[in-house]
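Dear colleague,

A summary of the findings follows it.

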Amino acid sequence: MGMQIGEIREFDLPVPDKFPTAGLVGKLVHFRVTLKALKKMDLPELNEEFASQVGEGLTVEKLRDLLQARLQEERAKEINAQKRTQIVDYLVKNR
């Protein structure tokens, strides 16, 4: 926050416990970043025209319903994956 284009900042951050490369976990990593550009994304207006561009024959109401259903499906998948992980962890600990 507060950087100008072309500005360079340096900072250190610890590698998180869940980092895929175990050899780096807990170590302090030095970063040097240069801000090359700032971009702003303008979101389109949520209207019937936008909905029809997303999918043929979609209305705003149908698009909302579709997105809600997809979110619920994803959440159900996450819950099932967590359950499987808990079962495997339990079986490993209690074998």
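I begin with phenylalanine 19, which lies in the loop between β1 (8-14) and β2; strands here are DSSP runs of E with at least two residues, helices are runs of H or I with at least four, and both are numbered from the N terminus. Phenylalanine 19 counts as partly exposed, because its relative accessibility is 36% and the class lies between buried (under 20% relative accessible area) and exposed (over 50%), with a 1.4 Å probe and protein chains only. Setting aside neighbours within four places in sequence, phenylalanine 19 is in contact with Leu24 and Val25, where contact means heavy atoms within 4.5 Å.

Please note that this is a predicted model, in which local features need pLDDT of at least 70 and side-chain atom pairs count only at pLDDT 80 or more, while totals for chains, interfaces and linings use all residues. Residues are numbered from 1 along each chain as its sequence is written, and side-chain values use heavy atoms, with hydrogens and water left out.

The chain averages a pLDDT (the predictor's confidence in each residue, from 0 to 100) of 92, and 99% of the residues score at least 70. Among the elements, the lowest mean pLDDT, 92, belongs to helix α1 (residues 48-54), and the highest, 95, to helix α2 (residues 60-93).

As to the overall architecture, the chain contains two helices and two strands, in the order β-β-α-α from the N terminus on. Its radius of gyration is 23 Å, whereas a compact globule of 95 residues would have one near 12 Å; the radius is taken over C-alpha atoms, and the globule rule is 2.2 Å times the number of residues to the power 0.38. Along the principal axes, the C-alpha atoms fill a box of roughly 55 × 50 × 15 Å. Of the 95 residues, 8% count as buried. Among contacts with a separation of 6 or more, 26% come from residues 24 or more positions apart.

Two further residues are found in the loop between β2 and α1, namely leucine 35 and glutamate 45. Leucine 35 has its C-alpha atom 5.3 Å from that of glycine 6, although 29 residues separate the two along the chain. Beyond its neighbours within four places in sequence, leucine 35 is in contact with Met3, Gln4, Ile5, Gly6 and Glu7.

Glutamate 45 is exposed, because its relative accessible area is 60%. The C-alpha atoms of glutamate 45 and glutamate 74 are separated by 25 Å, and these residues are 29 apart along the chain.

With kind regards
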